[in-house]
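Please have the sequence and the structure open while I talk.

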Amino acid sequence: SDVCSSDLQIIDGNLTGQTKGPIVDRNAKSSYLLELKKELQPSQVIAIGDGANDIEMIKLADVGIAFCAKSALKEVADIVIEKRDLREILNYL
């Protein structure tokens, strides 16, 4: 599968603060997760997000982690991490 992400716009070697191409929204994230689950058939799926556009993806995962997230995502996540340090996720893997 291809990597699923929004592309950052770069002009003359500088980030413009804009994106180019399609924006990866909540539907794209959840569809991509379902595609990966079907293709890879893992025994467990862990998804990590920070915003409301991650809710569907988090719900589809076996374990959903809200990382420094908005309130709406915290409400549906299995695990909430408030410390802004990605190493905190290692405690749950």
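Let me begin with a question: is Leu-93 buried or exposed? Keep in mind that what you see is a predicted model. Leu-93 counts as exposed, because its relative accessibility is 63%, and you will find Leu-93 in the segment after β5, the strand that covers residues 79–81. Leu-93 also belongs to a nonpolar patch on the surface, which Leu-93 forms with Ile-46, Ile-48 and Leu-90, and the accessible area of these residues together is about 380 Å².

Strand β3 pairs with strand β4, residues 63–67, in the parallel sense, and four bridges connect the two.

How many of the five residues of β4 are buried? Five of the five are, so β4 is largely enclosed by the rest of the structure. Both of its faces are covered, with Val-63, Ile-65 and Phe-67 on one side and Gly-64 and Ala-66 on the other.

The largest nonpolar core has eleven residues, namely Leu-33, Val-45, Ala-47, Ile-55, Met-57, Ile-58, Ala-61, Ala-66, Ala-69, Leu-73 and Ala-77. Helix α2, residues 55–60, gives this core its largest share, which is three residues. Apart from this core lies another one, of seven residues, and among them are Ile-65, Cys-68, Ile-79 and Ile-81. Going back to the eleven-residue core, we can look at the surroundings of Ala-61, which, once residues up to four places away in sequence are set aside, touches Leu-33, Val-45, Ile-46 and Ala-47.

Let me now turn to the helices. Ser-30 sits in helix α1, which spans residues 26–40, and Ser-30 is buried, because its relative accessible area is 10% and buried here means under 20%. Again leaving out residues up to four places away in sequence, the contacts of Ser-30 are Glu-56, Met-57 and Leu-60.

Ala-72, by contrast, is found in helix α3, residues 71–76, and counts as partly exposed, with a relative accessibility of 35%. Under that same exclusion of residues up to four places away, Ala-72 touches Ala-52 and Ile-55. Its C-alpha atom is separated by 29 Å from that of Thr-16, a residue 56 places away from Ala-72 along the chain.

Strand β1, residues 7–11, and strand β2, residues 14–20, run antiparallel and are joined by four bridges.

Technical notes: Residues are numbered from 1 along each chain as its sequence is written. This is a predicted model: local features need pLDDT of at least 70, side-chain atom pairs count only at pLDDT 80 or more; totals for chains, interfaces and linings use all residues. Side-chain values use heavy atoms; hydrogens and water are left out. Patches are made of residues with over 30% relative accessible area and no salt bridge: like charges are joined within 9 Å, nonpolar side chains (Val, Leu, Ile, Met, Phe, Trp, Tyr) within 5 Å. Accessible areas come from the Shrake-Rupley method with a 1.4 Å probe; for residues, only the protein chains shown count as cover. A salt bridge is a side-chain nitrogen of Lys or Arg within 4 Å of a carboxyl oxygen of Asp or Glu. Buried means under 20% relative accessible area, exposed over 50%, partly exposed in between (1.4 Å probe, protein chains only). Contact means heavy atoms within 4.5 Å. A nonpolar core is a set of buried Ala, Val, Leu, Ile, Met, Phe, Trp, Tyr and Cys residues joined through side-chain atoms within 4.5 Å. Two strands pair if DSSP finds at least two bridges between them.
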